[in-house]
Amino acid sequence: MKIIVLLKRVPDTEAKILINQEGTGIRKDGVKFVINTYDEYGIEEGLKLKEKLGGDSKVTVFCLGPEESTEVIRTALAMGADDAVHICDPALESPAPFTTSAVLAKAIKDEGFDIIFCGKQGIDDDTAQVQGGIAEALGIPQVNIASSFELSEDGSRALIGRRIEGGNEKIESALPVIVTCDKGINEPRYASLPGIMKAKKKEIRTRTLADLGFDEMPAAGRSKILKWLPLPKGGECRMVEAEEVSDAVKELARLLREEAKII
Amino acid sequence: MTVEGIVLVVLFAATLVVFGFVVRMLIRTLLLGKPQGGFGDPLRRFWSVIVHVAGQARVLSQPAGLGHFLIFWGFIFITLGTIEHMLGMIIPGFSYTAIFGSAVAGWISLLQDLLALLVLFAIIYSLYRRFIIRPVRLKIDDPAARNEAVFILSLIFILILLMYCIKAIGIVEGTIDESYAPVSRIVSGLFEGRDIDLGLMESVFAWIHHLIIFFFLLYVPFSKHIHILGAIPNIYLRNLGPMGTLSRMDFEDETADKFGNSELRDFTWKQLLDLYACTECGRCQAACPAFLTDKPLSPFRMIHRMRGHLTDERKRLLNSAGDDIEGTPIIPETVTEDEIWACTTCGACMQECPPFIEHVQKIVDLRRYLVMTESRFPSEMQPVFKNMEVNYNPWSMGYSTRADWAEGLDIPLASEKKEFDVLFWVGCSGSFDARGQNISRALSSLLKKAEVDFAILGTEEICCGETARRMGNEYLAQTLIEANIETMKKYSFNRILTFCPHGLNTFRVEYPQFGFERPVIHHSEFLLELVREGRLPAGAVEIKKGAYHDSCYLGRYNDIIDQPRELIKMIDGVSLSEFGRHGKRSFCCGAGGGRMWMEEDIGKRINEERVDESLELGVGDIFTACPFCLTMFEDGLKSRNIENIKVLDIAELMVEAYSAE
Amino acid sequence: MAKDVLVFGELRGGKVKKVIKELIAAGKIITDGNGGSIDAVLIGSGAEKEAEKIKSLGLRKIAVIDEEILANYSTEGYAGALAGMIKEEGFGYILLGATAMGRDLGPRTAAKADGVMFSDCVELRFEEGKLIARRPVYSGKLSIEIAAEGDYPVFVTIRPNNISPAETGGDSTEIVSRPSGVTQEMIRAIAKEIVPLAGGRPDVSEADVIISGGRAMKDAANFKILEDLADLFGGAVGASRAAVDARFAEQPLQVGQTGKVVNPKLYIACGISGAIQHLAGMRTSKVIVAINKDPNAPIFEKAHYGIVGDLFEIVPILTEEIKKLLN
């Protein structure tokens with residue numbers, strides 16, 4: 001089975017994200033980049049499937065991103081992926097989500113695929129659009145935010161669990177399918193040292209747009225960022241006080257609704 | 001030569017030949033291990049043998065050790081007698097009197113006579129301890145081990161009785177001077193005036209005695225009494241360097257598919273010699289915080305089982321040529337995962353061990369294999385490793401927030417100052433944990449007050465690697481260590497100051513392995529120095545009673561025991577009490593060896609055991625000099641619902657002393 | 001460029017979700033600035049009946065698609081139906097709730113209809129002929145304002161509770177039934193069943209709202225007051241390590257370095273002092289509320305809202321107040 005895993009290089013969840021001086025983006029200095037957290041679940045799910053199937057099943061990692069992405073690709077290879085395709089082209093510096101979809105879809109199609117795993121969203125721009133675009137471009141079904149995955153006994157269909165409000169949805173899908181993984185689907189493994197050593201020698205095939213047969217960047221609707229805004233709150237805890245406890249609590253409930261917009 | 005003498009020589013020679021083969025086999029077994037060198041400094045080593053073999057220093061550090069001391073020396077004198085007797089059988093007319101004169105021979109005989117009596121008592125007491133008292137340290141789950149001890153003690157007992165009989169007959173026959181054999185003289189009453197062939201009887205006793213000795217020689221290498229052979233070389237070859245130092249692993253070979261130790265051949269020959277040296281005295285177990293809180297780990301049982309495993313393996317491994325034969329994994333059959341993860345690396349076992357066995361390194365070597373090669377470890381360790389990799393601290397706090405505690409305090413940064421006297425290494429606790437941050441603030445306020453020329457690395461500082469190393473993740477540890485060394489090399493400073501004993505130990509002992517050596521000073525030493533130099537006043541607090549808890553890595557590992565106490569005593573108003581277990585024999589808080597970040601599901605919590613000790617003794621407040629200990633005490637007190645006992649770092653105590661002024 | 005707005009009315013369990021009123025209000029922001037009308041579409045069983053409920057919200061038309069094959073949600077079926085309608089009728093803006101369904105359906109439909117998509121928006125305005133949306137990025141550490149480039153239909157998913165719902169009023173809207181054009185072969189992934197949560201509460205690592213208790217809960221039985229509050233949100237109950245050690249709560253509920261690492265939308269810490277081992281497990285929660293009697297407890301340093309006081313007094317009042325707000 002040809003198992004495809006998609007991954008993205010993103011700033012670490014703990015990184016301090018600050019707007020740069022020009023106000024045109026984030027400051028990259030002092031930001032640690034890692035594999036997108038949710039993509040790690042995708043890698044693990046791909047590896048688990050490969051181990052279960054055995055034989056000549058193979059996990060190939062696809063990553064679209066800058067040169068530095070090789071670092072996170074190596075991490076995936078260290079975890080056990082067999083090889084990788086790195087799509088790296090100066091024209092793809094900040095592609096529209098559906099452009100990313102089109103490029104990845106083409107590369108995946110060239111490679112051949114039976115199933116695709118990735119995270120439910122990138123924790124940088126949080127758009128969760130690329131996977132839908134890939135599914136559409138490849139003309140395959142998609143199952144988003146999967147919390148469990150297995151193949152049917154005859155191996156012809158995917159059985160996927162999804163958390164929804166108040167329960168778990170059980171979805172059955174034909175193959176190939178793109179499955180986007182949520183927390184809880186598995187516990188990603190810790191790469192062993194022999195794995196890390198071997199990863200250094202595994203092949204990463206670098207592809208440009210031209211390599212993939214694109215004369216120009218595939219067009220797609222894109223949004224332009226007009227302005228970067230820091231969050232209004234300065235991190236200080238807002239202490240809710242009142243003479244009567246009940247008034248303070250009432251005020252807290254109001255703040256949660258009107259300011260935090262959580263209720 | 002008599003026929004008897006010829007038979008004896010032949011038997012003795014045969015025994016020696018067999019014994020020689022056994023020893024050769026033992027040495028070949030040891031050589032299955034990896035090479036290890038660094039055994040220079042012969043004078044110190046000889047002296048160490050005198051102190052610890054002849055003087056039995058560590059054995060005598062506990063009262064029950066007197067028994068061993070007596071048996072040891074008693075046996076030597078009995079053996080002197082045995083040699084004399086044997087030579088007498090071989091060379092007619094041989095005796096010590098004939099060679100050394102009656103005075104020397106008399107003293108030998110007298111000591112032999114008296115010591116043997118004491119040994120008898122010691123053996124009776126040993127059996128009494130094993131069967132009636134059953135102290136913690138002698139508890140073992142393998143009945144064969146106890147039976148073996150009893151068997152050997154009984155043999156020695158019989159040997160002594162035989163010796164007395166032989167000497168008594170000598171007295172009756174007038175060949176031995178009774179004035180130098182008071183005990184034998186009493187025994188001689190049994191033989192006096194009886195109508196028996198004393199010569200024949202003496203001969204029978206002597207033969208039984210000598211055959212037992214020959215048997216002993218061949219039995220010893222296959223029993224726990226192999227320590228008679230193993231302990232002396234092990235003491236000679238012992239680690240003279242700092243305690244618990246872990247070996248530096250080499251990751252250059254990228255084709256390696258195994259890191260760390262999974263089978264016996266992965267250990268060095270000296271580590272295997274450790275297995276021969278174990279007496280199964282159980283002192284390690286009686287001091288082990290894991291064992292004492294009902295964890296599955298007992299250091300000596302681990303050694304005992306590893307030796308058994310070595311015995312099982314050696315035949316197979318010695319008969320095979322080369323490395324092509326697979327060794328049997330030590331985990332989980334011989335040692336379990338729960339055991340190796342229960343260890344806090346506190347070092348109490350190694351501190352107590354009379355023949356200087358190093359348990360902790362073996363445990364870490366086994367951890368290394370599981371972590372690095374198999375990626376198999378308690379699940380709560382994975383976030384710790386990942387956090388260290390990405391954010392350089394165990395808690396997943398963003399690395400760029402490392403110096404947030406110092407905001408607004410005007411604390412100099414190394415990157416701005418470049419040259420300074422003292423590098424204040426804040427550490428992960430000091431940087432991120434609320435209580436640790438409080439210590440950082442307290443200590444830096446003291447440094448400022450004393451006008452110390454210091455700086456911190458700020459966000460350039462990353463985890464020192466100590467915990468990762470002891471958790472078995474040597475690869476991660478080396479990444480952290482090398483990065484820190486590179487950072488520190490950018491600046492010019494004279495010494496490193498830290499309030500974390502784990503950092504202290506790793507800078508002192510382990511960074512030099514990577515080519516970085518700089519004096520390291522603990523804040524308890526440094527603050528004491530500042531007060532003594534008059535750069536800081538001693539201060540006073542409202543009357544406060546409390547006990548100082550020795551951190552393992554400070555007291556036991558680095559011998560910093562008096563300094564914190566002296567510092568505390570200088571503060572007016574503090575009355576210092578002591579834990580029962582303190583100083584080098586302090587009891588671990590439960591946080592070392594990465595246990596700080598792991599769940600403790602088996603047995604009693606170690607920190608609760610320590611808190612209970614403090615409550616039983618009514619020591620009052622707890623003063624610490626380690627951020628991990630502080631956390632463990634606070635947690636333990638919380639779980640005992642105690643709110644009126646405070647846990648204070650000594651720097652916090654000093655700050656309190658000034659604010660009360 | 002097409003000006004009309006299409007609002008997707010999500011049906012779950014045969015009921016239209018209340019976020020539709022917020023979507024209609026968002027649609028009005030667009031039509032107020034740009035002209036055009038707002039249509040709604042409801043897909044699924046009970047669509048017709050539910051359409052009645054949104055009849056008087058100032059819509060031009062409500063399309064209902066109630067076909068056997070679309071009775072239950074499927075990405076491909078719904079995306080096919082929706083994209084078909086957009087292509088045929090030429091909408092310029094398509095609004096969906098940023099719910100599990102909306103976040104699944106939106107991108108696929110946008111890709112099908114060759115659109116541009118704004119995910120997870122919290123604020124919309126129309127300025128200088130452009131729709132400008134504000135949305136959080138980097139897990140909410142920053143937000144950005146975005147506008148579309150080029151002439152593409154704009155898909156927007158809007159986070160619930162951020163835009164005041166549209167008020168009832170105006171004429172009754174016409175409800176028309178629409179064929180979807182979706183065939184069985186188009187749907188290759190289908191929901192077979194929905195298994196309700198065992199025990200009624202989600203796992204602590206998966207819940208959107210977590211109410212956690214510490215040692216100050218004093219007793220296992222007292223966790224009932226946390227459960228009452230959690231149940232209002234369909235949330236989970238968590239516990240600090242100290243509370244688990246004291247056996248007030250089971251180990252699977254433990255939040256922290258050695259327990260579960262969580263990042264819910266709302267985390268309420270009741271009687272938890274905030275030791276680093278706990279903070280490491282919940283610090284990234286979107287909104288943290290701390291209730292503690294000790295004003296110096298470290299938890300307040302990480303919390304967004306704090307109340308100092310007795311949790312046994314505060315929590316029940318909070319439950320009552322939130323109950324009022326939710327109704």
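Two strands pair if DSSP finds at least two bridges between them. By that rule, strands β2-β1-β3-β4 of chain B, in this order, form an open sheet of 4 strands with parallel pairing. The model described here is predicted.

**Domains**

- Chain A is split into domain 1 (2-207) and domain 2 (231-263). Their C-alpha centres lie 39 Å apart.
- Chain B has domain 1 (3-30 + 62-222), domain 2 (264-373), domain 3 (381-528) and domain 4 (538-659).
- In chain B, the C-alpha centres of domain 1 and domain 2 are 33 Å apart. To the contact between them, domain 1 of chain B gives 16 residues and domain 2 of chain B gives 19 residues.
- For chain C, the assignment gives domain 1 (5-186) and domain 2 (209-326). The C-alpha centres of these two domains are separated by 36 Å.

**The parallel sheet of chain B**

- At the edges of this sheet stand β2 (454-455) and β4 (520-522) of chain B, each of which pairs on one side only.
- Strand β1 (residues 422-425) of chain B is joined to β2(B) by 2 bridges in the parallel sense. Ala455(B) in β2(B) is the bridge partner of Leu423(B).
- Helix α20 (residues 434-449) of chain B lies across β1, β2 and β3 (495-498) of chain B, and runs at about 165° to β1(B).
- Helix α23 (residues 501-510) of chain B lies across β1, β3 and β4 of chain B, at about 160° to β4(B).

**The mixed sheet of chains A and C**

- An open sheet of 10 strands has the order β11(A)-β5(A)-β4(A)-β1(A)-β6(A)-β10(A)-β7(A)-β8(A)-β9(A)-β13(C), with mixed pairing.
- β11 (204-207) of chain A and β13 (189-196) of chain C are the edge strands; each has a single partner strand, so one side of each has no neighbour in the sheet.
- On average, neighbouring strands of this sheet are turned by 35° against each other, direction ignored.
- Strand β7 (residues 142-151) of chain A and strand β10 (residues 178-181) of chain A run parallel and are joined by 3 bridges. Val143(A) is opposite Val179(A) in β10(A).
- Helix α2 (residues 70-79) of chain A packs on the sheet and touches β1 (2-7), β4 (58-64), β5 (83-87) and β11 of chain A; its direction makes about 160° with that of β5(A).
- Helix α3 (residues 97-111) of chain A lies across β1, β4, β5, β6 (115-119) and β11 of chain A, and runs at about 150° to β4(A).

**Helix pairs in chain B**

- Helix α5 (residues 102-133) of chain B packs with helix α6 (residues 143-173) of chain B at an angle of about 150°, the axes being 10 Å apart. The angle makes α5(B) roughly antiparallel to α6(B).
- The crossing of α5(B) past α6(B) is left-handed. Their contact has 17 nonpolar, 3 polar and 4 charged residues.
- Helix α1 (residues 3-30) of chain B and helix α8 (residues 198-219) of chain B cross at roughly 15°, with axes that come within 9 Å. That makes α1(B) roughly parallel to α8(B).
- α1(B) passes α8(B) in a right-handed crossing. The residues in contact include Leu8(B), Phe12(B) and Phe19(B) of α1(B) and Trp207(B), His210(B) and Phe214(B) of α8(B). By class, this contact has 12 nonpolar, 3 polar and 1 charged residues.

Methods. Residues numbered from 1 in each chain as written. Chains lettered and ligands numbered in written order. Predicted model: local features only at pLDDT ≥ 70, side-chain atom pairs only at ≥ 80, totals over all residues. Heavy atoms only, no water. Axes fitted to C-alpha atoms, helices over the stretch in contact; angles between N-to-C directions. Parallel < 35°, antiparallel > 145°, perpendicular 65-115°, else oblique. Left-handed = near helix turned anticlockwise from the far one by under 90°. Nonpolar A, V, L, I, M, F, W, Y, C, P; charged D, E, K, R; others polar. Domains from an automatic or database assignment. Contact = heavy atoms within 4.5 Å.
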